[in-house]
Amino acid sequence: MTGPAFDDETLMAYIDGELDADTTARIEAAMDTDAVLAERVGRHRRLRGSVAGAFAGVADEPVPERLLAAVSSADPRPAEVLDLAAARARKAAPPPSGKPKADWRAWAAIAACLVAAVLVFRGPFPAVGSKGALIEASGETLTARGALATALDRQLASRPDADAAIRVGLSFKATDGAWCRTFQARQGTAGVACKEANRWRVRMATSGAEASAGEFRQASSDSPAVLAFVDQTITGEPLDAEGEAAALERGWKP
Amino acid sequence: MKRRRPGVSSADRGDCLDAFQREIVGLLPRMRRLARAIARDAADADDLVQVAVERALNRRDQWRPGTRLDSWVFTIMKHAWIDETRARKRRGALFAPEEQGENIADARGSQVEARLEAASVEQAMARLPQDQRLAVALVLVDGLSYREAAEVLEVPMGTLTSRLVRGRQALIAQLEGEAA
């Protein structure tokens with residue numbers, strides 16, 4: 001080997017997946033014969049692993065309630081006075097006694113929505129990730145797959161099938177124009193999925209308790225969190241049997 | 001047959017989170033993780049997230065739909081953190097000394113070793129200059145691409161990569177120096 005052919009910046013970019021295919025191939029070929037290079041790459045790879053690993057657990061911790069409350073806070077404060085000291089003071093001090101009742105009520109009213117929102121992104125879903133999963137998570141996007149995707153495409157709520165593992169409930173148009181359908185899986189996951197460019201994106205889901213056979217036969221959209229979400233996103237009225245069949249016929253295209 | 005619209009009163013609806021707020025809720029775990037890498041001290045980190053959330057909601061009309069919300073929120077967080085470090089300097093407050101906040105007391109059994117390694121990474125991160133720490137946090141901790149991280153930091157790509165290179169070289173030197 002005559003001198004280092006790859007500098008640190010290139011090797012780091014290789015570890016970070018930022019290199020073009022050609023340079024990537026050259027590095028990988030060189031690593032086969034150059035032990036020193038292989039060790040340098042290994043060192044950068046280990047560093048990336050330790051740095052990511054040192055903080056990874058934070059993302060799995062439950063989010064403190066005060067941060068959820070900050071998102072739902074209805075009264076905007078002037079941005080300029082916001083600093084960490086002020087945030088800390090608000091955390092330490094009880095809320096000003098002016099309107100505690102109203103604050104509490106607001107909190108109670110949004111609680112269901114918050115739970116739904118957190119579940120959408122945080123899981124855990126029994127239906128996500130496992131073998132035969134109904135919902136595939138990619139980043140923060142949840143996509144219906146397998147039996148769920150099939151049911152959303154083809155099942156008519158007006159012609160229920162008692163043996164189906166998935167029950168589709170309401171079909172409705174969302175404010176952004178997409179067709180959406182509520183669903184409930186026998187294993188307990190219920191939610192709302194909307195057709196976006198050939199796939200059903202799960203916009204909200206709850207991982208409720210295992211539905212008993214009796215409950216399962218009820219309307220599939222009876223979870224309060226699902227209903228609240230529908231009510232928030234619906235435009236117009238839910239489809240009737242005729243409208244449902246027609247939308248299905250058109251492949252749920254907007 | 002005509003299906004009845006589900007019975008949720010419109011009064012409840014007004015208090016529900018809107019789509020923007022729900023997306024922010026979805027970002028909270030990533031915001032907390034990034035904040036911990038930047039601020040190190042757990043309480044400081046959550047305070048930083050809270051400030052960023054409040055600013056984001058106050059300025060939501062400045063966010064352009066169609067652009068990435070995570071980048072926008074991270075940029076707000078970066079500014080909040082820089083403002084905070086400046087305010088601390090003005091107040092003459094010192095940053096937590098290295099030994100403090102090294103939270104290894106909660107380590108259990110077989111986790112001790114991993115926890116020790118994490119603690120030395122956290123310590124090494126805290127010693128990096130601010131600019132390098134932000135670059136390393138965005139790419140190595142959050143996993144953003146170079147282009148995305150440069151956007152968040154509002155710097156050219158070349159600036160980002162040189163901060164990344166220097167930051168990582170410093171981390172390797174510190175961590176390997178420790179092990180030797």
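Visitor: How many of the 7 residues of strand 4 (residues 179-185) of chain A are buried?
Guide: This is a predicted model, where local features need pLDDT of at least 70, side-chain atom pairs count only at pLDDT 80 or more, and totals for chains, interfaces and linings use all residues. Residues are numbered from 1 along each chain as its sequence is written, while chains are lettered from A and ligands numbered from 1 in the order in which they are written. Strands (E, at least two residues) and helices (H or I, at least four) are DSSP runs, numbered from the N terminus; a residue is buried if 20 or more other C-beta atoms, placed from the backbone, lie within 10 Å of its own, exposed if 12 or fewer, and partly exposed in between. Strand 4 of chain A is mostly covered, and the buried count is 7.

Visitor: Which residues of strand 4 of chain A point the other way from A:Trp179, A:Arg181, A:Phe183 and A:Ala185?
Guide: In a regular strand the side chains alternate between the two faces of the sheet. Both sets in strand 4 of chain A are buried. Those pointing the other way are A:Cys180, A:Thr182 and A:Gln184.

Visitor: What is the bridge partner of A:Val168 in strand 4 of chain A?
Guide: Two strands pair if DSSP finds at least two bridges between them. Strand 3 (residues 166-174) and strand 4 of chain A pair in the antiparallel sense over 6 bridges. The partner of A:Val168 is A:Phe183.

Visitor: Which residue in strand 5 of chain A does A:Arg181 stand opposite?
Guide: Strand 4 and strand 5 of chain A also pair in the antiparallel sense, over 5 bridges. Opposite A:Arg181 stands A:Ala193.

Visitor: Is A:Ala197 buried or exposed?
Guide: A:Ala197 sits in the loop between strand 5 (189-196) and strand 6 (199-207) of chain A. Its phi is positive, about 45 degrees, although A:Ala197 is not a glycine. Most residues other than glycine have a negative phi. Because A:Ala197 has 7 C-beta neighbours inside 10 Å, it counts as exposed.

Visitor: What is the phi of A:Asn198?
Guide: A:Asn198 is also in the loop between strand 5 and strand 6 of chain A. With 8 C-beta neighbours inside 10 Å, A:Asn198 counts as exposed. A:Asn198 is not a glycine, yet its phi is positive, at about 70 degrees.

Visitor: Which element of chain A has the highest mean pLDDT?
Guide: pLDDT is the predictor's confidence in each residue, from 0 to 100. Chain A averages 74, and 66% of the residues score at least 70. Helix 8 (residues 213-216) of chain A has the lowest mean, 39. The highest, 95, belongs to helix 1 (residues 8-15) of chain A.
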